[in-house]
Amino acid sequence: VSLTGSMSADEKVPSVRVLDRTAIVPVLRGLSLGVPRPVLVVVGGADAMDASVRDRFEQLLVTHVIPVVHERGAMVIDGGTDSGVMRAMGRARSITGERFPLVGVCPSGFSTRPEPHHSHVLVVPGDSFGDESEWIADVATSAAGSQPSVTLLANGGEVALRDVELSVQGNRPVVVLNASGRAADDICSALAARPATPRTTRIARSSLVSCVPLDDGDQVRQRIQQLL
């Protein structure tokens with residue numbers, strides 16, 4: 001474990017390199033993040049996410065999701081890069097002025113800038129986008145401990161499907177935002193018994209997975225409140 005300071009000269013996001021899964025809890029405690037505590041995991045689209053969907057997702061976070069995070073005293077964990085759902089999450093935190101821990105988990109070999117409104121970044125082993133998926137799941141489980149945790153999926157591709165599968169394997173409920181596109185919509189189609197790939201059909205069979213409309217903020221808020 002090594003404290004690496006900010007990930008770049010102009011982005012003052014404290015980052016910690018974590019080389020071993022046994023170091024996750026000591027690192028979280030060392031950062032004074034108040035673990036265990038409730039955890040919201042945010043996964044989904046990155047660069048391929050449509051800008052209009054990202055803007056609607058950001059507004060949903062500001063008006064309906066972050067109030068629940070505040071109310072529950074929760075931590076938010078995502079992939080930490082300056083794109084897609086992670087950019088929306090960072091911007092929403094900045095817009096609301098809330099100071100909840102927003103922890104990005106980024107692979108060390110993936111060259112990209114961190115989203116600047118995150119409170120911390122954990123730099124984990126890996127060379128490409130997606131290598132962080134198992135680490136995100138492990139960090140979330142470690143941070144929550146006996147407290148509840150939930151995953152929120154908007155849009156996404158293959159990596160997002162893997163994130164959802166890992167959440168289900170870890171017994172973490174997943175709220176999927178319908179009409180956010182791509183992987184999220186594929187899962188919602190499978191849940192509605194419409195034609196879907198074998199992979200999304202398997203995901204949809206889990207009782208931990210539920211769909212709510214992206215544009216129904218009240219329903220999203222209610223669902224996250226129930227689970228968190």
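Good morning. Cysteine 106 is buried, with a relative accessible area of 5%; buried means under 20% relative accessible area, exposed over 50%, and partly exposed in between, with a 1.4 Å probe and protein chains only.

Please note that this is a predicted model, in which local features need pLDDT of at least 70, side-chain atom pairs count only at pLDDT 80 or more, and totals for chains, interfaces and linings use all residues. Residues are numbered from 1 along each chain as its sequence is written, and side-chain values use heavy atoms, with hydrogens and water left out.

The term pLDDT is the predictor's confidence in each residue, from 0 to 100. Its mean for the protein chain is 93, and 95% of the residues reach 70 or more. Over residues 1-10, however, pLDDT stays under 50.

I turn now to strand S8, residues 174-178. Helices (H or I, at least four residues) and strands (E, at least two) are DSSP runs, numbered from the N terminus. Of the 5 residues of S8, 4 are buried, so the strand is largely enclosed by the rest of the structure.

Which strands are joined to S8 by bridges? Strand S7, residues 149-154, runs parallel to S8 and is joined to it by 3 bridges. Strand S9, residues 209-213, is also parallel to S8, with 5 bridges between them. Two strands pair if DSSP finds at least two bridges between them. Valine 176 of S8 is the bridge partner of leucine 153, and in S9 the partner of valine 176 is cysteine 211.

Finally, the disulfide. What is the distance between the sulfur atoms of cysteine 188 and cysteine 211? They are 2.1 Å apart, and the two residues form a disulfide, defined as a pair of cysteine sulfur atoms within 2.5 Å. Cysteine 188 lies in helix H6, residues 182-191, and cysteine 211 in strand S9, so the pair ties together parts that are 23 residues apart in sequence. The torsion about their S-S bond is about -105°, so this disulfide is left-handed. Cysteine 188 is buried, at 4% relative accessible area, whereas cysteine 211, at 27%, counts as partly exposed.

Thank you.

Notes
Contact = heavy atoms within 4.5 Å.
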